[in-house]
Amino acid sequence: MGNENHANSMHWVKGTVGKTIARQGHVNIPDGLYEEEHGRDGFYGPVSHLYRTHAPTNWKRIEGTLKPRAFDCNRLGVSDHDAITSRTRVLFNEDVAIHVSQPNLTEMPFFFRNADADEIYFAHRGEGTIETDFGPLAFKQGDYVVIPRGTTYRIVCEHTPYFLVIESFSRVHQPDRGLLGMHALYDPAATGVPDPQPSAFKGAQGPDGSTEWEVRVQRQGQCSSIFYGFNPLDVVGWKGNLTAWKLSIHDICPVISHRAHLAPSVHTTLQGSGFVMCSFVPRPLESEPGALKVPFFHRNIDYDEVLFYHDGDFFSRDGIDAGMITFHPQGVHHGPHPKALKKSWDSNNTWTDEIAVMVDTEKPLHMSPRAQETEWADYHLSWREDDSSDPAEDTAKTPATV
Ligand SMILES: [Fe+2]
């Protein structure tokens, strides 16, 4: 620890301010140079800014499996099943699993209990109610619903929904607001918790002809069913600090500086062991002359980075649409597309209208075969400066998401 602190306290400067390095990161980058933030531990650890003569994303081609990827999960389509059975696992590791679910059956005919993981639902589309042990939580498009491991629940939707579902194999919690104060990011008062209300679910006819209620319990990835002769969501009161709760992405107050582009970690919404979730919501762009308005180049060496596109103007960009997922693995650069970078300097646009959810994981993620069926094969070539696709229309709106 002593050596680490000593190392962190050191800082070297190798270059000339204004010519080969910037005095303030992400502001007044010398003409003709590309600034890369090369850091450890996401955006928390030791870091250097490297000033390059070429964009590090301007590769000719990539051989091998390590490359940026994009999945059009809309192509998975609407399932005939309920919200649980409809889950398609997209990316996963030992800490977290990322699913999408587009159920056509809007009312689950059973209760579900995940004994493996806390769950985070993000309602990309649809509205309805999640009945839980603690009472019902109404949800609508743009809501996060956090369901602690072991909670019994059932989803009833009013319209065909599209959920992004995160399984966290550790406890999900809110981020430490630190210097920002407890009401930053989102006010705890903006969150919602359920009032106790027993479920009105009528159950189903069992093999002996009597009415029964099924609780499907997932443990170690396998489901078993427990059947009751009464509705098991029968809680009439509860107290404590463990419950299902919800938060609208529209209640998030983004942290910004008008003077310099901040790291995406300032947009952290939820976290668990080995991962963080961030929300990117509409916000003003940096207004200081010379301040970078687009994401800086980096190779996120300690985190895999997953972005789910929910809503916003940047969908005018070729190939990216709402409901898609991009995946940037550790070790491969990403940053603004070349036309986006050029256009950001002469744009009068002062606002970004993106809404997106990011999941960053410490351990490398694995892709599921189903996800790979929806892959946009040439996504990794979309940074080439000779790329024939034309993202010019979105350049001023190019999001600060990654
Ligand atoms: Fe990133």
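## Cysteines

Cysteine 253 is partly exposed, with a relative accessible area of 46%; on this scale buried means under 20% relative accessible area, exposed over 50%, and partly exposed in between (1.4 Å probe, protein chains only). The structure is a predicted model, in which local features need pLDDT of at least 70 and side-chain atom pairs count only at pLDDT 80 or more, while totals for chains, interfaces and linings use all residues. Residues are numbered from 1 along each chain as its sequence is written, and side-chain values use heavy atoms, with hydrogens and water left out.

A search of the whole structure finds 0 disulfides, a disulfide being a pair of cysteine sulfur atoms within 2.5 Å. Cysteine 253 is in no disulfide, and the nearest cysteine sulfur, that of cysteine 278, lies 16 Å away. Cysteine 157 is likewise in no disulfide; for this residue the nearest cysteine sulfur belongs to cysteine 223, at 18 Å. Cysteine 157 is buried, with a relative accessible area of 8%.

## Model confidence

The protein chain has an average pLDDT of 91, and 92% of the residues score at least 70; pLDDT is the predictor's confidence in each residue, from 0 to 100. Over residues 389–401 the pLDDT is below 50, and this stretch has 40 contacts in the model beyond near neighbours in sequence. Contact here means heavy atoms within 4.5 Å. Where pLDDT is low, the predicted coordinates should not be read in detail.

## Domains and their interface

The protein chain is divided into domain 1 (55–71 + 254–397) and domain 2 (78–248), with bounds that come from an automatic or database domain assignment. The centres of domain 1 and domain 2, taken over C-alpha atoms, are separated by 29 Å.

Across the interface, 33 residues of domain 1 are in contact with 35 residues of domain 2. The area buried between domain 1 and domain 2 is about 2,700 Å², of which carbon and sulfur atoms give 69%; buried area is the accessible area (1.4 Å probe) that two parts lose on being put together, summed over both. In domain 1, Leu270, Gln271 and His310 lose the most area to domain 2, together 21% of what that side buries.

## Asparagine 93 and valine 96

Asparagine 93 is found in the loop between β4 (88–92) and β5 (96–101); helices (H or I, at least four residues) and strands (E, at least two) are DSSP runs, numbered from the N terminus. At 7% relative accessibility, asparagine 93 counts as buried. The side chain of asparagine 93 reaches the backbone nitrogen of aspartate 95 at 2.8 Å. Leaving aside neighbours within four places in sequence, the residues in contact with asparagine 93 are Phe169, Thr361, Lys363, Pro364, Leu365 and His366.

Valine 96 is placed in strand β5 and counts as buried at 0% relative accessibility. With neighbours within four places in sequence left aside, valine 96 is in contact with residues including Phe169, Phe275, Thr361 and Leu365. Valine 96 and tryptophan 345 are 249 residues apart in sequence and 38 Å apart in space, C-alpha to C-alpha.

## Glutamate 214

Glutamate 214 lies in strand β14 (residues 211–219) and, at 14% relative accessibility, counts as buried. The side chain of glutamate 214 makes a polar contact with the side chain of serine 225 (2.4 Å). A polar contact is a pair of N or O atoms within 3.5 Å; within protein, one must be able to donate a hydrogen and the other to accept it, and residues adjacent in sequence count only if both atoms are side-chain atoms. Beyond neighbours within four places in sequence, glutamate 214 is in contact with Phe110, Phe111, Ser225, Ile226 and Phe227.

## Proline 329 and helix α2

Proline 329 lies in the loop between β21 (325–328) and α2 (338–345) and is buried, with a relative accessible area of 6%. Proline 329 and glutamate 305 are 24 residues apart in sequence and 6.2 Å apart in space, C-alpha to C-alpha. Apart from neighbours within four places in sequence, proline 329 is in contact with Leu66, Lys67, Pro68, Asn300 and Asp304.

The buried residues of α2 are Pro338, Ala340, Leu341 and Ser344. What covers these buried residues of α2 includes β1.

## Positive phi angles

Most residues other than glycine have a negative phi. Asparagine 28, in the loop between α1 (2–9) and β1 (34–39), has a positive phi of about 50 degrees although it is not a glycine. Aspartate 41, in the loop between β1 and β2 (47–52), has a positive phi of about 60 degrees, although it is not a glycine either. Aspartate 41 is partly exposed, with a relative accessible area of 39%.
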